[in-house]
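Open the model in your viewer and keep the selection tool at hand. The stops below say what to select next and what is there.

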Amino acid sequence: MDIFRAKTGDLRPLPVVIMIHGGGLVVGTRKMSRTFCENLASHGFLVFAPEYRRITETDVFREFGDITAAFSCISGILEEYGGDPEQVTVASESAGSFLALYAIAAMNSAELREQFGLSASPLRVHALACFSGMFYTTRRDPVGLVYSRNLYGEKRKDAAFMRKMNPESPEIMEKLPPVFLAGSAADILRGYTKRYAAALRRAGHPCELLYFKKNRELTHAFPALKPELQESRKVLEKMVEWIG
């Protein structure tokens, strides 16, 4: 895990952001979003970027466990690094958004923890920001066809369980904090971002969507992977404002 904190003389507890990287669950590391994390730190945040195992090394439920274990670790060192436990946001991109969403929901649900085989965490997440989130893994689309069998195996035959792997399920959405979403028309998962924003709004769940319609440079997960772009800076500024 990497930790980012601006060098200032301010001794007040800092708001916290935990950045979960993407990579389709099979590639990628926390280093991918290093500049994004540095930029967040320059805005006055204490930023943590934890690593997690890839699906080639483990299964999806242990990946959830890696994220919740990181949350527990961070909770234990917040005071040491000057973080405010009452202002914790999780930021995420692509597959990291899938992991973050389910890890947070499980932390707020004893039933989900039992089904996923997870331990509770003392950390409380107050907001979730997702860039180009890979939210859907069970639909009959290219992502679902690739991931459903690999992620869930025999559990695919358990209809009640698989309903919970739909992020639009009330059992999931009711366990989430307010959600900030960012995407673009040039993103390969643009439909996921727009669809999930609509689902959250239908459910009356606090949600904000920042979506860019024109610019071919705004490819998948651009806020984290192309932080130098003007639009990426706008996403960062809007996110900071939204966290409040």
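Begin with Val90, which stands opposite Leu128 in E5. This is a predicted model, in which local features need pLDDT of at least 70 and side-chain atom pairs count only at pLDDT 80 or more, while totals for chains, interfaces and linings use all residues. Residues are numbered from 1 along each chain as its sequence is written, and side-chain values use heavy atoms, with hydrogens and water left out.

**Stop 1: strand E4**

Select residues 83-93, strand E4. Helices (H or I, at least four residues) and strands (E, at least two) are DSSP runs, numbered from the N terminus. Eight of the 11 residues in E4 are buried; buried means under 20% relative accessible area, exposed over 50%, and partly exposed in between (1.4 Å probe, protein chains only).

Two strands count as paired if DSSP finds at least two bridges between them. Which residue of E4 is the bridge partner of Met19? That partner is Ala91. In a regular strand, side chains alternate between the two faces of the sheet.

**Stop 2: salt bridges**

The structure holds 12 salt bridges, each defined as a side-chain nitrogen of Lys or Arg within 4 Å of a carboxyl oxygen of Asp or Glu. Select Lys31 and Asp2, whose side chains meet in one of them at 2.9 Å, N to O. Lys31 lies in the loop between E2 and helix H1 (34-42) and Asp2 in strand E1, so the pair ties together parts that are 29 residues apart in sequence. Asp2 is buried at 14% relative accessibility, and Lys31 is partly exposed at 42%.

Next select Glu51 and Arg30, a salt bridge whose closest N and O atoms are 3.1 Å apart. Glu51 sits in the loop between strand E3 (46-49) and helix H2 (60-81), and Arg30 in the loop between E2 and H1, so this pair links parts 21 residues apart in sequence. Glu51 is partly exposed, with a relative accessible area of 29%.

Move on to Asp59 and Arg62, where the salt bridge is 2.6 Å, N to O. Asp59 is partly exposed at 26% relative accessibility, as is Arg62 at 48%. Now show Asp2, Arg30, Lys31 and Glu51 together: salt bridges that share partners join them into one network.

**Stop 3: surface patches**

Patches are made of residues with over 30% relative accessible area and no salt bridge; like charges are joined within 9 Å, and nonpolar side chains (Val, Leu, Ile, Met, Phe, Trp, Tyr) within 5 Å. Accessible areas come from the Shrake-Rupley method with a 1.4 Å probe, and for residues only the protein chains shown count as cover.

Select Met1, Ile3 and Tyr81, which make a nonpolar surface patch of about 220 Å². Ile3 is found in strand E1 (residues 2-4).

Then select Arg190, Lys194, Lys213 and Lys214, which form a positive surface patch. Lys and Arg count as positive and Asp and Glu as negative, with His and the chain ends not counted; a charge is placed at NZ of Lys, CZ of Arg, CG of Asp or CD of Glu. Is Lys213 buried or exposed? Lys213 is exposed, at 69% relative accessibility, and lies in the loop between strand E7 (207-212) and helix H9 (222-225).

**Stop 4: Thr35**

Finish at Thr35 in helix H1. Its C-alpha atom is separated by 8.4 Å from that of Leu225, 190 residues apart along the chain.
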